[in-house]
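Hi,

Here is the structure I promised to pass on to you. Have a look at it first, and then read on for my notes.

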Amino acid sequence: MPNSARMYDYWLGGKDNYAADRQLADLFLQKIPSMREMARANRDFVNRAARVLAADGVRQFLDIGTGIPTSPNLHETAQAVAPDAHVVYADNDPVVLAHARALMVSNEVGQVAYIAADLRRPERILSDPQLREQLDLDRPVALMLIAVLMLIDDQDDVQGAVAQLREALPSGSYLALTHPTADFDPPVVGEVTASARATGMTFVPRTKAEVAGFFGDWELTEPGIVPVRAWRPDGEVTDPESAWYWAGVARKP
């Protein structure tokens, strides 16, 4: 069966993917020739957000839906700013698990851990002994949900799962997320959505308003919910809507 993490690995030039992943990934590329650049733009957001949050004093990160490690990883970027940062990765893919355990290692002062977990079971994530060992949930945490929410149908109460995670985090915590959307080209995204579902993969692009719902009553930081390339870019961006993801970061009051 095709898997989103391995498809991303293929788009990013990795080798940890199978024929089923490449077949569906190539179909996406036929419909969206810039898909590789979109995947890279999504990964670049992770590094920009991690730098900003670490510089703002965040020392704890929870990344759910990690994907196959792609350097620089979240912990590398965060610990480059704050060497004592603690990062917990969570994913439900055994391939991701194997690579994470091999490549995502702690440094002399910071810590990195990996837990096998499913976003649809937030209570299990929050009660996991390894997470509790690495993260103090009485202190601010940056919750990273990068291109993962589209893998859960509304009927599985994805909004409720994210709300439960938000509720468990203290004041001063952050939520950073990206989400694919059909807002910029509905017909093409409709075609690839149908193709993904035909293979048995859940894929749910969402509108800007639907993405906003994941932040609840948290306070959006500047520049708000914007195309992923437009969120605090490192340089000039001539066509921010060329990557079809919404992105945003919000702080819990």
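Predicted model: local features only at pLDDT ≥ 70, side-chain atom pairs only at ≥ 80, totals over all residues.

The chain contains 10 helices and eight strands. Its radius of gyration is 17 Å, close to the 18 Å that the globule rule gives for 253 residues, so the chain is as compact as a globular protein of that length. Along the principal axes, the C-alpha atoms fill a box of roughly 45 × 40 × 35 Å. Of the 253 residues, 54% count as buried. Among contacts between residues at least 6 apart in sequence, 75% join residues at least 24 apart.

Now to the charges. There are 24 positive and 35 negative side chains, and the centres of the two sets lie 2 Å apart. The count of salt bridges comes to eight.

One of them joins D21 and R6, at 2.7 Å from N to O. D21 sits in helix α2 and R6 in helix α1, 15 residues apart. D21 is buried, with a relative accessible area of 0%, and R6 is buried as well, at 10%. Salt bridges that share partners join R6, D21 and D93 into one network.

Another pairs D234 with R51, with the closest N and O atoms 2.9 Å apart. This pair spans 183 residues, from helix α3 to the loop between β7 and β8. Here D234 counts as exposed, at 66% relative accessibility, while R51 is partly exposed, at 33%.

Finally, D154 and R206 meet in a salt bridge at 2.8 Å, and R206 is buried, with a relative accessible area of 2%.

Best wishes

Key. Residues numbered from 1 in each chain as written. Heavy atoms only, no water. Helix = DSSP H or I, 4+ residues; strand = E, 2+ residues; numbered from the N terminus. Rg over C-alpha atoms; globule rule 2.2 N^0.38 Å. Buried < 20%, exposed > 50% of the residue type's maximum accessible area, 1.4 Å probe, protein only. Contact = heavy atoms within 4.5 Å. Lys, Arg positive; Asp, Glu negative; His and termini not counted. Charge placed at Lys NZ, Arg CZ, Asp CG, Glu CD. Salt bridge = Lys/Arg side-chain N within 4 Å of Asp/Glu carboxyl O.
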